[in-house]
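Visitor: I would like to learn how to read a model like this one, feature by feature. Where do we start?

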Amino acid sequence: MSEKVIDIHDLYKSFGTNHVLRGIDINVHKGENVVVLGRSGTGKSVLIKIIAGLLKPDSGSVNVLGKEVDTLSTVDLRELRLKVGFCFQNGALYDSMTVGENLAFPLKRNTPGISNEQVRKSVNVTLEAVGLLKTIDQMPAELSGGQRKRIGIARTLILRPDIMLYDEPTAGLDPITCTEINNLINEVQRRFHTSSIIITHDLTCAKDVGDKIVVMKEGKFVKQGTFDEVFSTKDELINEFYDYNFIQ
Amino acid sequence: MDSNIEQPEKPVISKGIDGFFKDIFNIVLFIGRIFKEAFKRPVEIREVIRQCYQVGYKSLALITMTGFITGLVFTKQSRPSLSEFGATSWLPSLIAIAVIRALAPLVTALICAGKVGSSIGAELASMRVTEQIDAMEVSAINPFKFLVTTRVMATTISIPILVGYTGLVGLLGSFLDIHLNEQTSFTSFFQEAFKNIYFLDFITTGVKAVVFGFTIGVVSCYQGYHATQGTQGVGKAANISVVISMFLIFIEEIFIVQIANSIR
């Protein structure tokens, strides 16, 4: 088994009296795509926000690339974040910047002394990787939902992270665009050798991209394994997912 | 596990008072962080200049119109009272004192609180609710320094310049009215106008302008940066930014005038 890039142990997180995460344990190995599957409000997004250091856990250990995230100084956390890419549900593109500027911004800020020519080249290569070079001069408001997600992925990729965290990458997209995004996630894994956690409630996405599936319910992991292992057992929770996705 | 056990509510005097003191504490921390980030390298000169352009240059048309009308109308309304005593020759001096000491900083600050404060509040709130601020953070960019510190610096630099400009334009509006009615020349108007203006007046106005600019920046950035509740939160942040900024501007005006008068 390859080395662990994310190792979470006994993670708890509450917001007031709302106990969102109740003892989560999860490992992600190098080059592995782990899908966290669960209904809305089960704490999936909270989990990856804790991994990215956006939220602090109440207790438990969150080890990313050998570093305990919640004990890092601001400087060390910023350094770690260069290696951990986060793709937001709606892209979270900077709407006052063009697509090209959206990609150039984090690169310029994190690479002192980089020339404009190098930035331009890197932006072009990354946009090409997500198949959207033609949108380089467009504003985010002019893009479709799928394009925004792809640009969000490109903006994350431009820093060449080791780990990708995807928050509902296919939510709100039509089936064809969903397939394109799933293919892109797999392509990113192959081409950039990333390890990923993909948060979703979409079974097709889970099946297409997940090396390992973890099913979450009420802040706990209730099942994990490969897609076939998890979905061979027809219990109530799994049936709910099948019904939901069939209706979708 | 402790976190799994329901914690009893902490005792509070009342939720309102508790919240008020919490806000004050958070604002003090917020201001402290602005100063800390402002002196940390790298200095965001480009972004500060861009924000100065947004705050200053883009407010010029509105400030010009308002300042000019303020000077003109104030002159028109003061003339009847002064002419009753045959003292219309005091008009330039009276208007200059009013414009430089009070109207220019106050009018500029109130207009900027409305225009700039709401714009900063809404922009940052919108960035917060659409996760753009989180996106900066996870891209290893310091959003506080880039978004908040630069905007507060821009309002603190630009508003004093706008105040000076408003004073000038206000006096020009006054001159126009006096010139049309009393045929006073440009030179004698300004000689008369600055007869009773002292160095302390410029200092007081300068201090007011800096304090007002800083207040608008801090209030609107604080409201925007901490916005919640989706799109509703954006409107709320813009609205509260304006209301609190205006309220604080009047309070600060009272204190600064009181201090200046005690020195005078």
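Guide: Start with a hairpin. The model is predicted. In the hairpin of β9(A) and β10(A), two residues sit between the strands, and E218(A) takes a positive phi near 45°. Five bridges join β9 (residues 212-217) to β10 (residues 220-225) in chain A, and the two run antiparallel.

Visitor: Which strands of chain A form the open sheet, and in what order?

Guide: Four strands of chain A form the open sheet, in the order β2-β1-β4-β5, with antiparallel pairing. The edge strands are β2 (18-29) and β5 (67-68) of chain A, since each pairs on one side only. Inside the sheet, β1 (residues 4-15) and β4 (residues 59-64) of chain A pair antiparallel over five bridges. D7(A) has N63(A) as its bridge partner in β4(A).

Visitor: And β7 of chain A: how many of its residues are buried?

Guide: Count neighbours residue by residue, then sort the residues by face. Strand β7 (residues 163-167) of chain A is mostly covered, with five of its five residues buried. One side holds I163(A), L165(A) and D167(A), the other M164(A) and Y166(A), and both faces are covered.

Visitor: What does β7(A) pair with?

Guide: Take the partners in turn. Strand β6 (residues 84-87) of chain A pairs with β7(A) in the parallel sense over four bridges. There, Y166(A) in β7(A) is the bridge partner of C87(A). Strand β8 (residues 195-200) of chain A also pairs with β7(A) in the parallel sense, over five bridges. D167(A) stands opposite I199(A) in β8(A).

Visitor: Which helix goes with β7(A) and β8(A), and what is the handedness of the unit?

Guide: Follow the chain from strand to helix to strand. β7(A), helix α6 (residues 175-192) of chain A and β8(A) make a right-handed β-α-β unit.

Visitor: Now chain B. How many helices and strands are there?

Guide: List the elements before anything else. Chain B has nine helices and zero strands. Its C-alpha trace spans about 85 × 45 × 35 Å along the principal axes. Of its 264 residues, 40% count as buried. Then look at sequence separation. Among contacts in chain B with a separation of 6 or more, 88% are between residues 24 or more positions apart.

Visitor: Does α1(B) lie largely in the open, or is it largely covered?

Guide: Of the 24 residues of α1(B), one is buried, so the helix lies largely in the open. For α9(B), the buried residues include V234(B), A237(B), I244(B) and I249(B). The buried residues of α9(B) pack against α4 and α8 (199-225) of chain B.

Visitor: Where are the buried residues of α2(B) around the axis?

Guide: In helix α2 (residues 45-55) of chain B, the buried residues are V48(B), Q51(B), C52(B) and V55(B). They cover an arc of only 105° around the axis, which puts them on the same side of α2(B). R46(B) and Y53(B) are exposed on the other side. The cover over the buried residues includes α4 (91-129) and α6 (143-182) of chain B.

Visitor: Why does T166(B) count as buried?

Guide: T166(B) has 30 C-beta neighbours inside 10 Å, so it counts as buried. T166(B) lies in helix α6 of chain B. Leaving aside neighbours within four places in sequence, its contacts are I63(B), G67(B), A104(B), V107(B) and T108(B). T166(B) and A104(B) are 62 residues apart in sequence, yet 5.5 Å apart in space, C-alpha to C-alpha.

Visitor: How many residues of chain B are in contact with chain A?

Guide: Count both sides, then sort by residue type. 14 residues of chain B are in contact with 22 residues of chain A. On the chain B side, five are nonpolar, five polar and four charged.

Note on methods: Residues numbered from 1 in each chain as written. Chains lettered and ligands numbered in written order. Predicted model: local features only at pLDDT ≥ 70, side-chain atom pairs only at ≥ 80, totals over all residues. Buried ≥ 20, exposed ≤ 12 C-beta atoms within 10 Å, placed from the backbone. Arc of directions from axis to C-beta. Contact = placed C-beta atoms within 7 Å. Nonpolar A, V, L, I, M, F, W, Y, C, P; charged D, E, K, R; others polar. Pairing = 2+ DSSP bridges. Right-handed = clockwise from strand over helix to strand, strands pointing away.
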